[in-house]
Amino acid sequence: MIKHMRAIPAEGLGIVPNLDASVMKDLKSLKLGEAMPQYTAADGPPSKDLFEWLEGSLFTFPYKDGTRTVRLKRVLFRSNGIIGRGTIIVRVECNCDHCDGHCDWYGKKLILKLSFPSKTRVSEQTFMDRCKALAQGDHAWVLNHLPHIYWTFDVFFDVNTSQAKFKERFKDDYEMRLMRGSIQEELEPLSSLETSKDCAQVFYDVVQCHHWAWKYPKILHRDISQGNIMVREKDGKKYGVLNDWDLSSWVNEQRDGPTSKFRTGTKPYMAYEQHSHDWQGPHRFRHDLESLFYVILLLVCLYPSPSAKYTAPMSPAQDFEYEEWHKQDDSFLVSKKFHLINAPEWTPPVLPFFLGFTMWLIHLQRALRYGFFALGYHEDFLRLGKQSKSFDQDTLDNHFSYETVVSTMHRFREEELKTRGSEWQEILLRLQPI
């Protein structure tokens, strides 16, 4: 198959247009007969090890009135799912002729992000442009917690590609896609953090950023996961960054239900309701806050420290049931999350490094439990045809709101974390007990 594909021009493959890789020029570069790089669970997802032969290749993309070329370095992430955007993230360096101190990207740590979303999907750049337009004056703090995108571009597949053939064959059942790329600032992962307090500050930053985006530009992230929470180091300080807004949507569009044929999110971290086959949306901000709860839970119960790789249980008494959340389907996850949320006396099996997160998790689980109890009573009244007071679905009747989460997370081990915006500083003063 590879030999036959070699006969097709690179543009005809329609997979990654404008990629100038050695394999497209010289069949010998495939090293026939040699095994692909191997990986183990301890080394992380296969995306970090496979296809390293792309390193050194050149990628050319539309730029202003012409083109610009970057040289590919290490593959940082490659999606390994069949269904999805097929995201690829590669560390790159500018390869332009004047990249010697005069280039606008000179000295910057850059990544190339490629994905294959639906043609109708709003771009991450569009959302970030709206954020930047509003992040002025007292709101400028939020820019430290959003990704910096230097350039973005779309490459459409023409009528001779497999994309067009699929659309012709399956009509409305097939979502026509495009290749969307961007050059962004390279951020650090959670594993770069050295203390549990730094982790707490990053999570708290993400909540504040999420609230600002929901309230002012009216954007809902919809894919809170461990991989989308990053760290920016600036002037010797660390800031939590809510990254990857590719699956976001405008808040006022949420009342229409799901905006894709597939519900958004990363399975281990998706909200409890989203795993139900009966769930039809809309995606609410509390679903993202619940996802953050699961991000923290899985991190502090599975990893000895932010930088440590997952290890097997250190003792027979240690509870590592959350490991299965990364491997199982919706039916498994909806059951596990149902029992977790409804547990009357619940204490998370937090590992020693992260013990400070125990009370965070207990308080957030309790808020979810009370909220879903209230929702259950409300739905029972409706089924019986009885009148019930109005119920706020966005906050589970004020049990699980931004105020609930911020009032829990603004302290860590009884120490105040940094509250970035003056708005939340004023709200916290009102929430303080007299």
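This briefing covers backbone geometry and cysteines in the structure above. The model is predicted, so that local features need pLDDT of at least 70 and side-chain atom pairs count only at pLDDT 80 or more, while totals for chains, interfaces and linings use all residues. Residues are numbered from 1 along each chain as its sequence is written, and side-chain values use heavy atoms, with hydrogens and water left out.

**Backbone geometry**

- Most residues other than glycine have a negative phi, and most peptide bonds are trans.
- Gly281 and Pro282 are joined by a cis peptide bond, with omega at about 0°, and Pro282 is found in the loop between β11 (249-250) and α6 (285-302); helices (H or I, at least four residues) and strands (E, at least two) are DSSP runs, numbered from the N terminus.
- Lys171, a residue other than glycine, has a positive phi near 55° and lies in the loop between α4 (162-170) and β7 (178-185).
- Lys171 counts as exposed, at 52% relative accessibility, where exposed means over 50% relative accessible area, buried under 20% and partly exposed in between (1.4 Å probe, protein chains only).
- Asp244, which is not a glycine, has a positive phi of about 60°; Asp244 is placed in the loop between β10 (237-242) and β11, and counts as buried at 11% relative accessibility.

**Cysteines**

- The structure holds zero disulfides, a disulfide being a pair of cysteine sulfur atoms within 2.5 Å.
- Cys209 is in no disulfide, and the nearest cysteine sulfur, that of Cys131, is 7.2 Å away.
- Cys209 counts as buried at 0% relative accessibility, and Cys94 is buried with a relative accessible area of 11%.
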